[in-house]
Amino acid sequence: MSEATEYEAHAVLRSMYYIICFLIAFFLVSPILIVIPMSFSSQAYLQFPPPGYSWRWYITFFTDPSWLKPTVQSFQIAVLTMIFSTILGTLASFGLVRGRFWGRQTLFTFLISPMIAPIIIIAVAIYGLFSMLHLTDTITGLVIGHTLVAVPFVILAISASLRGFDENLEKAARVLGASPLTTFFKVTFPIIKPGVISGALFAFIRSFDETVVSIFLCSIEVKTLPKRMWEGIRMEISPVVASVSTLLIVFSLLILLTMEIYRVKSRKKYAGP
C-alpha cells in the first residue's frame, strides 16, 4: 500500500470515528435538548415542538412558593451534605490511601458500595432505619441520607489526588519543624485541593439531584426540588417542570465548567514554568 493510499485510509477512519462519536453524543444529548424549547412553550401542557413561546413558566417558578420553598430547601440540604461528605470523605481517603492494615481494599469497596448498589435498595433501607429513629420528614434525615450516597464520590476524587502525592514533601516540612496540622494545611491541602473541591462539588450535585432517597424521606413540609419535580410530572405534567429542568441543566454546566477551569489553572500552577 502506497503512502498516499495509507494516508487516505487513515483519513476515512478518522472521519468515521468523528461521525460515530457525534451520533453517540447526539443520541445521549438530544433528549435533554428537547426539554429546553418545551420550557418556553405557550401551552399549559408539555408539547414538542411548542406551538408558541413564552416566559410564563419561568415566571411561575420564581413566583410560586410551592416551587421556591423546595428549591431553597434543596440548596440548604445540598450545602450541608457537601460539607459533611467532604469532611468524612477526606478522613476516609487518608485512612484508605495512607493506612497499612489488613482488609483495606475490602473497606474501600464497602465505602463506595452506595455507588454500586441500586439506589432503591438504599432508599428502602434508609427509610426503614430512619423511621425507627424518627428522622423521616426532617432536614437532618435528608442530609444524613444524601451524605450516605455522596461520600463515595468524595472518596474517589480525593483518593486519586493522594495517590499521586509525594509524601517526601510532608516529611521535609516535619523535619523543618512544622506540626502535623501545619503540614496538612500548608503542604498537603494546597496540593490535593483540586481533588477536594471536585469531590465537594460532586457531592453537592449528587445531593441536589437525588430523587429516590428524597421520595422516601420527604413530607409536605420538608421537600426537595427533585421531589417537587416528580410530583409535577406525576400529577400535573406542567411545563414548569421543563423550565426547572432547563435551569438545572444550565446550573450543572456552570459547575462543571468552573471545575474544569479550576483544574486547568491548578495544573498550570503546580506544573511550573
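Entry 1, a loop residue. I found Phe40 in the loop between α1 (3–39) and α2. Helices here are DSSP runs (H or I, at least four residues; strands are E, at least two), numbered from the N terminus. This is a predicted model, where local features need pLDDT of at least 70 and side-chain atom pairs count only at pLDDT 80 or more, while totals for chains, interfaces and linings use all residues. Residues are numbered from 1 along each chain as its sequence is written, and side-chain values use heavy atoms, with hydrogens and water left out.

Phe40 counts as partly exposed because its relative accessibility is 21%. The cut-offs are under 20% relative accessible area for buried and over 50% for exposed, with partly exposed in between (1.4 Å probe, protein chains only).

I then listed contacts, meaning heavy atoms within 4.5 Å. Leaving aside residues up to four places away in sequence, Phe40 touches Gly52, Tyr53, Ser54, Trp55 and Tyr58. I also noted Pro239, 199 residues from Phe40 along the chain; their C-alpha atoms are separated by 8.0 Å.

Which residues of α2 are buried? In this helix (residues 56–63) I found Trp57, Tyr58 and Phe61 buried. Down the axis, the buried residues of α2 fall within an arc of 105 degrees, so they line one face of the helix. The arc is taken from the directions from the helix axis to the C-beta atoms. On the other side of α2, I found Ile59 and Thr63 exposed.

The axes of α3 (residues 65–98) and α9 (residues 180–209) come within 8 Å and cross at roughly 135 degrees. That makes α3 oblique to α9: under 35 degrees is roughly parallel, over 145 roughly antiparallel, 65 to 115 roughly perpendicular, and the rest oblique. Axes are lines fitted to C-alpha atoms, for helices over the stretch in contact, and angles run from 0 to 180 degrees between N-to-C directions.

I sorted the residues of this α3 contact with α9 into 13 nonpolar, seven polar and one charged. Nonpolar covers Ala, Val, Leu, Ile, Met, Phe, Trp, Tyr, Cys and Pro; charged covers Asp, Glu, Lys and Arg; the others, Gly among them, are polar.

Helix α6 (residues 119–133) packs on α7 (residues 139–163) at about 145 degrees, with axes 11 Å apart. Ile119, Ile122, Ile126 and Phe130 in α6 meet Gly141, Ile144, Gly145, Leu148 and Val149 in α7.
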